[in-house]
Amino acid sequence: MNFYLLRHGIATEPEMAGFKPDSERSLTAKGEARLHVAAKAMEALDLAFDLILSSPFRHAKQTAEIIAKNFKLRKKLAFSDDLTPAGNPRLLIQQLNHFRPEPENVVLVGHEPYLGQLISLLAAGNTSLEIDFKKGGLCKLEAEFLLYGRCAKLVWLLTPRQMELMT
């Protein structure tokens, strides 16, 4: 199974969002533009997805919708509270293991530091590995099976700038 972890794009800063809760912040125009470039880079990598699972927070949802639209996967888009900053990785893994048919290529859209800790958990077995996961960055993990702990191999981690150079 291939997991592609995508950090949400650049969102309005909390003070710019009129003191709205983090869950209601939107992507900026620059954030949206960079995600369209990221989608083109994903196409250049010849990636295909069976499922896009996203945090329901507005800026993550908008990020997932851009990818879903580009890959014509709106019907394969789902949301999980376990991809929010306060999400539970154990419950997320259980949720992923219950999808039928089992997806081969999954995009997980979420936030930092949660996604970096999830990468560390799945690749190293603990959350102590520090990962500089940029907004709009993309990571690929490969796993024979998914469990809570070390079960995956970190294949690559791309920054938005690297993806821009691919298009």
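# Group meeting talk: from one residue to the whole chain

Let me start with threonine 63, which is buried, at a relative accessible area of 0%, where buried means under 20% relative accessible area, exposed means over 50% and partly exposed lies in between, computed with a 1.4 Å probe and with protein chains only. Before I go on, a word on the source: this is a predicted model, so local features need pLDDT of at least 70 and side-chain atom pairs count only at pLDDT 80 or more, while totals for chains, interfaces and linings use all residues. Residues are numbered from 1 along each chain as its sequence is written, and side-chain values use heavy atoms, with hydrogens and water left out.

Threonine 63 sits in helix H2; helices here are DSSP runs of H or I with at least four residues, strands are DSSP runs of E with at least two, and both are numbered from the N terminus. Which backbone atoms lie 3.1 Å and 2.8 Å from a polar atom of the threonine 63 side chain? At 3.1 Å there is the backbone nitrogen of glycine 9, and at 2.8 Å the backbone oxygen of histidine 59, where a polar contact is a pair of N or O atoms within 3.5 Å, one of which, within protein, must be able to donate a hydrogen and the other to accept it, and where residues adjacent in sequence count only if both atoms are side-chain atoms. Beyond its neighbours within four places in sequence, threonine 63 is in contact with Leu6, Arg7, His8, Gly9, Leu27, Leu35 and Val109, contact meaning heavy atoms within 4.5 Å.

If residues up to four places away in sequence are set aside, histidine 8 touches His59, Ala60, Thr63, Gly110, His111, Lys135 and Gly136.

Now to the sheet. It is an open sheet of six strands in the order E3-E2-E4-E1-E5-E6, with mixed pairing, and two strands are taken to pair if DSSP finds at least two bridges between them. The edges are held by strand E3 (77-79) and strand E6 (152-158), each of which has a single partner strand, so that one side of each is left without a neighbour in the sheet. From one strand to the next, the twist averages 20°.

Strand E2 (residues 51-54) pairs with strand E4 (residues 105-110) in the parallel sense, over four bridges, and within that pairing leucine 53 has leucine 108 of E4 as its bridge partner. Helix H2 (residues 58-70) packs on the sheet, touching strand E1 (2-7), E2, E3 and E4, and its direction makes about 170° with that of E2. Helix H3 (residues 89-97) likewise packs on the sheet, touching E1, E2, E3 and E4, at about 155° to the direction of E2; these angles run from 0 to 180 degrees between N-to-C directions, with axes fitted as lines to C-alpha atoms, for helices over the stretch in contact.

Is strand E1 enclosed or open? Six of the six residues of E1 are buried, so the strand is largely enclosed by the rest of the structure. In a regular strand the side chains alternate between the two faces of the sheet. Both faces of E1 are covered, with Asn2, Tyr4 and Leu6 buried on one side and Phe3, Leu5 and Arg7 buried on the other. E1 runs parallel to E4, joined to it by six bridges, with leucine 5 opposite leucine 108, whereas its pairing with strand E5 (residues 138-143) is antiparallel, over five bridges, and sets tyrosine 4 opposite lysine 140.

Another buried residue is methionine 42, at 0% relative accessibility, in helix H1 (residues 29-44). Apart from residues up to four places away in sequence, methionine 42 touches Leu6, Leu47, Phe49, Ile67, Phe71 and Leu138.

Finally, the chain as a whole: it has five helices and six strands, following the pattern β-α-β-α-β-α-β-α-β-β-α along the sequence. The radius of gyration is 15 Å, close to the 15 Å that the globule rule gives for 167 residues, so the chain is as compact as a globular protein of that length; the radius is taken over C-alpha atoms, and the rule is 2.2 Å times the number of residues to the power 0.38. Of the 167 residues, 47% count as buried, and residues 24 or more positions apart account for 72% of the contacts with a separation of 6 or more.
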